[in-house]
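My entries follow what I looked up, one spot at a time.

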Amino acid sequence: MFADLKDAPADPILGMAQLFAADPDPRKVDLGIGVYKDAAGDVIVLDTVKQAEQWLVETQASKGYISSAGNPVYNDAIRALIFREGSDAHGRARTVQTPGGTGALRVAGDFIHRLRPRGRIFLPDPTWANHPALFTAAGIGIVTYPYYDVATGQLRFDAMMAALEALTADDTLLVHGCCHNPSGTDPDAAQWAAIGDLLAAKGATPLVDLAYLGFGQGLEEDRAGIAILAGKVREMIVASSCSKNFALYRERTGALTLVAGTPAQADAAKGHLLPVIRANYSMPPDHGAAVVAHILGDAGLRARWESELTGMRTRIQDVRRRLVAQLDGRGGRDFSYLAEQNGMFALLGLSRDQVQKLRNDWHIYATDSGRANLAGLTAGNVDYVAEAFAAVSHG
Ligand code: LMR
């Protein structure tokens, strides 16, 4: 079975972490995989997470199975994080815990394919590098729609709406709820409303990838697009993650939320989701969800977590502005658009050769697509990175 296998290609994002780790140069800068780094360049454990873990060690009495839906307290807390409590959408939503946002997307893919076997999924161009592989593995046909123009740093809204005319009631539209990965560019409120109107007219289902809630403009602001969509359509699916906003990356803490036409329909839909999970990984890992449930359920811890999240968000906004200030007057590509985008990621608009130059000559690691995780910038490396961006974009 294995004898004829050649070396497998590295994952476009995870492979970057291995290359970075193997580089001995002291100037090296990791702008690859999407993790938040603090001002010292470290991937930290949040204080609130440490405190909740301590509480868990002291109080957890059993490691018995829970269920395919995971931790019910976590599920309720995540539902209320995505949809305002008391809102119509909150009442029609049901959440299950999943192994990370990726697990949520894969379960969503399997579920969608089971319910709409002929349906296609429309993915933005560009999108997260794992989306096509993940939905292909679930057996769903993929259509791409124009989303972002790397040359101008602008949303291709008109082209996108024209392409989405092809949606049918069997199809699913994947949108990034906030902090679009990789472009950092999101629709505004009027554009979200237009997308919602189009979905309602076509009868297609939105699948919202919500991996960066709180990393754009704030918790409330970042869920505004989803709230607008939910006001326009009867049904939607949200795949969310606590990897970034709770910095729980390796604990694989995510959720899948189904919104149906009525609360009873939502209960029935959730019932049909559970066997999909059972046949996949049976049930999600507990630890991260237990930690998040405790933080969100304790008023003091929650307030402290919100300020930790604000700290992460504002640090990224600050280094974005600092980078643009450092690039000013150096010539090369105009990178000023980087200052106002949302979340960790940006497309640098560099060719593959220029990205290679960044890696080989400057020891700066972005993905081959020219995506940079700007959360990897610190006061100690931002001037060096600006010098490198200007130098490679000249050539
Ligand atoms: C990223 O886009 O870098 C993150 O979402 C991590 C991953 O799993 O790819």
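**Entry 1: Met 236 and the cores**

I began with Met 236 and listed what it touches, leaving out residues up to four places away in sequence: Phe 83, Thr 205, Pro 206, Val 208, Ile 226, Leu 229, Ala 230, Thr 257, Leu 258 and Val 259. A reminder to myself: this is a predicted model.

Next I asked which residues touch the most other members of the largest nonpolar core. They are Phe 83, Met 236 and Leu 323, in a core of 97 residues. I also looked up which element gives the most to this core, and found α13, with nine residues.

I then turned to the domain assignment, which gives domain 1 as 12-45 + 301-394 and domain 2 as 65-297. I looked up how far apart their C-alpha centres are, and the value is 26 Å. For the contacts between them, I wrote down 27 residues of domain 1 against 31 residues of domain 2.

**Entry 2: aromatic pairs**

I wanted to know how many aromatic pairs the model holds, and the count is six. The one I opened is Tyr 212 with Phe 345, an edge-to-face pair with 5.6 Å from centre to centre and 85 degrees between the planes. Tyr 212 sits in the loop between β8 (205-210) and α9 (219-222), while Phe 345 is in strand β11 (residues 345-347), so the pair links distant parts of the chain, 133 residues apart. Are these two buried or exposed? Both Tyr 212 and Phe 345 are buried.

I went on to Phe 335 and Phe 389, a tilted pair at 5.7 Å centre to centre, with 40 degrees between the planes. This pair also links distant parts of the chain: Phe 335 is in the loop between α13 (299-327) and β11, Phe 389 is in helix α15 (residues 382-394), and 54 residues separate them. Phe 335 has a relative accessible area of 3%, so I marked it as buried. Phe 389 is at 0% and therefore counts as buried too.

**Entry 3: charges over rings**

Back at Phe 345, I found the charged end of Arg 371 over its ring, 3.8 Å from the centre. I noted a lysine in such a position as well: Lys 28 lies over the face of Phe 20, 4.5 Å from the ring centre.

**Entry 4: Thr 95**

I located Thr 95 in strand β2 (residues 93-98). Why does it count as buried? Its relative accessibility is 5%, and the cut-off for buried is under 20%. Its side chain has a polar contact of 2.8 Å with the side chain of Thr 257. Beyond four places in sequence, Thr 95 is in contact with Asn 75, Ile 78, Arg 79, Ala 255, Leu 256 and Thr 257.

**Entry 5: Ser 68**

Ser 68 is in the loop between α2 (47-59) and α3 (72-82). At 13% relative accessibility, it counts as buried. A polar atom of its side chain lies 2.8 Å from the backbone oxygen of Ser 282. Setting aside neighbours within four places in sequence, I listed its contacts as Gln 97, Leu 274, Ile 277, Arg 278, Ser 282, Met 283 and Pro 284. I also checked Ser 68 against Ile 295: they are 227 residues apart in sequence and 22 Å apart in space, C-alpha to C-alpha.

**Entry 6: backbone details**

I looked up two cis peptide bonds. One runs from Asp 125 to Pro 126, with omega near 5 degrees, and Pro 126 is in the loop between β3 (120-125) and α6 (131-137). Another runs from Asn 181 to Pro 182, with omega near 25 degrees, and Pro 182 lies in the loop between β7 (172-176) and α8 (189-202).

I ended with positive phi values. Ala 247 is not a glycine, yet its phi is near 50 degrees; this residue lies in the loop between β9 (236-241) and β10 (254-259). Arg 252 is in the loop between β9 and β10, with a positive phi of about 50 degrees. Ala 247 counts as buried at 14% relative accessibility, whereas Arg 252, at 31%, counts as partly exposed.

Definitions and conventions
Residues numbered from 1 in each chain as written. Predicted model: local features only at pLDDT ≥ 70, side-chain atom pairs only at ≥ 80, totals over all residues. Heavy atoms only, no water. Phe/Tyr/Trp six-rings, centres within 6.5 Å; stacked < 30°, edge-to-face > 60°. Helix = DSSP H or I, 4+ residues; strand = E, 2+ residues; numbered from the N terminus. Buried < 20%, exposed > 50% of the residue type's maximum accessible area, 1.4 Å probe, protein only. Lys NZ or Arg CZ within 6 Å of the ring centre and 35° of its normal. Polar contact = N/O pair within 3.5 Å; in protein donor to acceptor, adjacent residues only side chain to side chain. Contact = heavy atoms within 4.5 Å. Core = buried A, V, L, I, M, F, W, Y, C linked by side-chain atoms within 4.5 Å. Domains from an automatic or database assignment.
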